[in-house]
Amino acid sequence: MAPETGPAVERVLRSGWLTTGPECAAFEEELAAWLEVPHAVTVASCTAAIEIAFRGLRLPRDAKVLVPAVTFCGAVEAVRHAGLVPVVADVEPDTGTVSPRTCAAAAREAGGVQAMLALHFAGYPADVAALAEAAGLTLDQVVEDAAHALGTRVGAELVGGLSRATCFSFYATKNLPIGEGGALTTRDEEVAAQARVTRLHGMTSDAWRRYLPGGSWQYSVEEAGVKANLSDVHAAIGRAQLRHLDAWQVRRHQIAGRYAAGLADVPGLVLPTDPETGEHAWHLYVVRVTPESGVTRDDLSRLLAERGIGTSVHFIPLHHFPHFRDICVVPSGGLPGADAVFAETLSLPLHQGLADEDVDIVVDALHELAPGTTSTMNRYQEALP
């Protein structure tokens, strides 16, 4: 946490105003400036931002929305909570993300889609315009899931204003960690205005504005809303953390580079790559553990855990969950790309507080535990119970 965080929270506590108020307004202005967009609306989570963004598209109920097969469950739940039907697009086995080919195929089989949720997986820039075109959509019909992508650039442009609306996460593990929280950014003034109303029960005036000098207790509710506003306490933390985001992003790039150099010759380990254009935010460092490594992904994760090295898998494909098989349109041929990716992907430790020595511990462990040859395979077999 940034050293300014404690004093920032204390300032809010002393002010007597804890919920959405002046700190949220200031955080929105500072975040919009950092992202180079005109509008940022703070909300309780990225999940809430996605639901609110799709409400802002004004689609008819049960309109079809293209979603990636490999994504976080909450993102697709948000699509459904907005009254829409998720249509699942497979991912390419070599990238773990959707492509124009898979988007076009999923949209075609579904009889067309009315919108898309585009994911910048791990912080890698997705070519949103190409994906939208392949699905028969314009960028005004796209909402971006940028939970991993604060600091990602597509070409020269920061993610945040490419499409109709972009949704960010400030969860405890994210590039800008607040604990809980999210934001919706947009260049569309109407979408921003609706988001401000929707996030607080559909009320046309929040409590802070009603009780400002000259304010009125009166408000209207003209359409359904949700309870998804951010507190001033969280916004104060966000403002303090935002001052360090540039330096933290530099550190994430350094860590990714150290992994790349140290793991380049580990047999059977396929490393993520920097994009040819744009900029990776390096929220995650996701490797693929192929059969040539001499160890399965699950066994490698377990052996690393025994050494105190935590790893994770991003993500379990949607069609592996009974709930999403019930509510989503899944291609009749299944999702072979997602199945292949799921069997091999492993996310290594990556956060801005990770020291070079910590990275080297992970690198050394992977060199030892991914044998790839007969001589070291014997050592691996001996390590198994």
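Me: How far is the sulfur of Cys103 from the closest cysteine sulfur, and which residue holds that one?

Reply: A disulfide is a pair of cysteine sulfur atoms within 2.5 Å. The sulfur of Cys103 is 15 Å from the closest cysteine sulfur, in Cys328, which is too far for a bond. The nearest cysteine sulfur to Cys167 is that of Cys46, 5.4 Å away, and Cys167 is in no disulfide. A search of the whole structure finds 0 disulfides.

Me: What kind of model is this, and how are its residues numbered?

Reply: This is a predicted model, in which local features need pLDDT of at least 70 and side-chain atom pairs count only at pLDDT 80 or more, while totals for chains, interfaces and linings use all residues. Residues are numbered from 1 along each chain as its sequence is written, and side-chain values use heavy atoms, with hydrogens and water left out.

Me: Is Cys167 buried or exposed?

Reply: Buried means under 20% relative accessible area, exposed over 50%, and partly exposed in between, with a 1.4 Å probe and protein chains only. Cys167, at 0% relative accessibility, counts as buried, and Cys103 counts as buried at 2%.

Me: Which strand is joined to β11?

Reply: Two strands pair if DSSP finds at least two bridges between them. Strand β11 (residues 285–289) runs antiparallel to β12, with 4 bridges joining them, and Tyr285 has Leu348 as its bridge partner in β12.

Terms used
Helix = DSSP H or I, 4+ residues; strand = E, 2+ residues; numbered from the N terminus.
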